Amino acid sequence: KVLIAGGYLVLDPAYSGIVVSASSRFYTVISDDSSLGAHRIQVRSPQFKDATWKYTVTFGSSSVDVDEDPSNTSKNKFVFLALKKTLTLAYEVNGSNDFYSQRAKLESLGLPRTLKSLESIEPFAYTGVRLADVHKTGMGSSASLITSLVSGLLIHTKTIPAASFSDVDTDGRRLAHNLAQYVHCLAQGKVGSGFDVSAAVFGSHLYTRFNPDVIKDLMNDDDDTQSALHPVFYPRLTRIMLADVDAGSDTPSLVGKVLKWRKEDGEGANALWTSLDRTNQALAQVLLHLSKLYADDRENYTDAVKYISSLSHLQWTANPQMPDGERPVIAAFHEAHTLSESIRAQMREMGSRAGVPIEPEGQTKLLDACVSQAGVVGGGVPGAGGYDAIWLLVLDPVDSSPDQPPTQRIEHVWSNYSGVSPLSATESVAKGSRIENLEDIKGLKTAVDRS
């Protein structure tokens, strides 16, 4: 997931945020294994060292208990709680490479930090480190793991039908969402914003937080952690670009300080949040409008994208000879740029007033260099901000010739910054969780068979 608008605001059900579901996925492969013995479960994550966990399931007259095997060399509370709340037999969990930093891998292979280089790394690559030591990229690995695991268990145990994931709005998908939210909150020890689990289950949408009170007790039939779904998709002929930045930020620390400032500043903080929310909502509407413009007139939309992909945003609306059919498309992209820059400015103001580095100076310098490039609509620091990632909305025309594609311009900019490495993820066109055939996912069977 990438929260491109609504950082901090999504903690309050009064506000919404734009969450983009990325193409990076976790896969849960489930199989029966009689060699483990009765009521025994083994979990493997073959991308990591010493990442096998065994459990024993005890069935009571009205309850189920899950106990960790004393031979386990480490604990995984996310897996343990998912098992404790759902049940199963034996399964494997694998995550796309984008969930973990590939900078060290690229360096060991002597490859430049480019999208092309990432393609040469095997899918579900072995990291060579323990799970506790892996450098994550902020894509929502724990939420995706739990969503994949819980959904797989519910399907395997026939608690919900496989058809639950054939449509975005089914009772089975909602049950998987509610249970994943609950387990994720238990594992984290707090009720978070929930947008990461929601994106994993439902795909890209305008997210409004559920009432956190519903998770204070074990959810029952009357408690629902699902808000109304309002799908939001990136415009056609654009792509999201994500960069893994070699610096860390403690998200809980940032969030705690921002919430403390909001409580102390009161009226001033609420005014800034309300203004920022209006800008976020406006950006969501522009993205939807661009999708409609494409549907209404693909030819002029396609021509407009190719034209402005070779120009910086300062030049987009400067041509008095602009064809009338392309004018609305270019104007909408220019508005999206203006709104994304306004969101950045207001997030920086929030950080300044709260005394936290939401968009640190180094990230500002990097983002300004990126946004000034031809064909870049906008960008920012995702979610709570900090030092570890940036996102960009980049035009992706069918044919850029004779000019250089915007993606290559951005890769060149990133190559001049030490510690900045691209992620291969784009926006996922699928609607969140889905069922796959093992053989259809490149590299997955190899990873599962890895000893």
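## A cis bond and its loop

Helices, of at least four residues, and strands, of at least two, are DSSP runs numbered from the N terminus. In these terms, Pro402 is placed in the loop between strand 12 and helix 12. The model is a predicted one.

Most peptide bonds are trans, and most residues other than glycine have a negative phi. The bond that joins Ser401 and Pro402 is cis, with omega at about 5°.

## Two residues with positive phi

Asp50, which is not a glycine, has a positive phi of about 50°. Asp50 belongs to the loop that runs between strand 4 (40-44) and strand 5 (52-59). Its relative accessibility is 40%, so Asp50 counts as partly exposed.

Lys158 is not a glycine either, and its phi is positive at about 60°. The loop that holds Lys158 lies between helix 4 and helix 5 (171-188). Because its relative accessibility is 72%, Lys158 counts as exposed.

## The nonpolar cores

The largest nonpolar core is made of 56 residues, and those with the most contacts inside it are Ile4, Tyr8, Val258, Tyr301, Phe333 and Met350. Several strands give two or more residues to this core: strand 1 (2-5), strand 2 (16-20), strand 10 (238-245) and strand 12 (389-395). Helix 7 (251-265), helix 8 (267-296), helix 9 (298-308) and helix 10 (327-354) also give two or more residues each. The most comes from helix 8, which gives eleven residues.

Setting aside residues up to four places away in sequence, Ile4 touches Ile18, Val20, Tyr234, Ile240, Leu287 and Trp391. There is also a second, separate core of 35 residues, and Trp53, Phe78, Val79 and Val201 are among its members.

## Ser142 in helix 4

Helix 4 covers residues 141-156 and contains Ser142. Ser142 has a relative accessibility of 17%, under the 20% limit, and so it counts as buried. When neighbours within four places in sequence are left aside, Ser142 is in contact with Phe78 and His184.

## Two buried histidines

His313 sits in the loop between helix 9 and helix 10, while His337 is part of helix 10. The relative accessible area of His313 is 15%, so His313 is buried. His337 is buried as well, because its relative accessible area is 6%.

With neighbours within four places in sequence left aside, His313 is in contact with His334, His337 and Val371. On the same terms, His337 is in contact with His313, Trp316, Val371 and Val377. The C-alpha atoms of His337 and Val371 are 8.9 Å apart, and the two residues are 34 residues apart in sequence. In another pair, His313 and Ala162 are 151 residues apart along the chain, and their C-alpha atoms are separated by 46 Å.

## Helix 11 against helix 12

Two packed helices are described by the angle and the distance between their axes. Helix 11 spans residues 361-371 and helix 12 spans residues 406-415; their axes come within 10 Å and cross at roughly 150°. An angle over 145 degrees counts as roughly antiparallel, and helix 11 and helix 12 are therefore roughly antiparallel to each other. Their crossing is right-handed.

Helix 11 makes this contact through Leu366, Ala369 and Cys370, and helix 12 through Ile410, Val413 and Trp414. By class, the contact of helix 11 with helix 12 has six nonpolar residues, with no polar and no charged ones.

Technical notes
Residues numbered from 1 in each chain as written. Predicted model: local features only at pLDDT ≥ 70, side-chain atom pairs only at ≥ 80, totals over all residues. Heavy atoms only, no water. Axes fitted to C-alpha atoms, helices over the stretch in contact; angles between N-to-C directions. Parallel < 35°, antiparallel > 145°, perpendicular 65-115°, else oblique. Left-handed = near helix turned anticlockwise from the far one by under 90°. Contact = heavy atoms within 4.5 Å. Nonpolar A, V, L, I, M, F, W, Y, C, P; charged D, E, K, R; others polar. Core = buried A, V, L, I, M, F, W, Y, C linked by side-chain atoms within 4.5 Å. Buried < 20%, exposed > 50% of the residue type's maximum accessible area, 1.4 Å probe, protein only.
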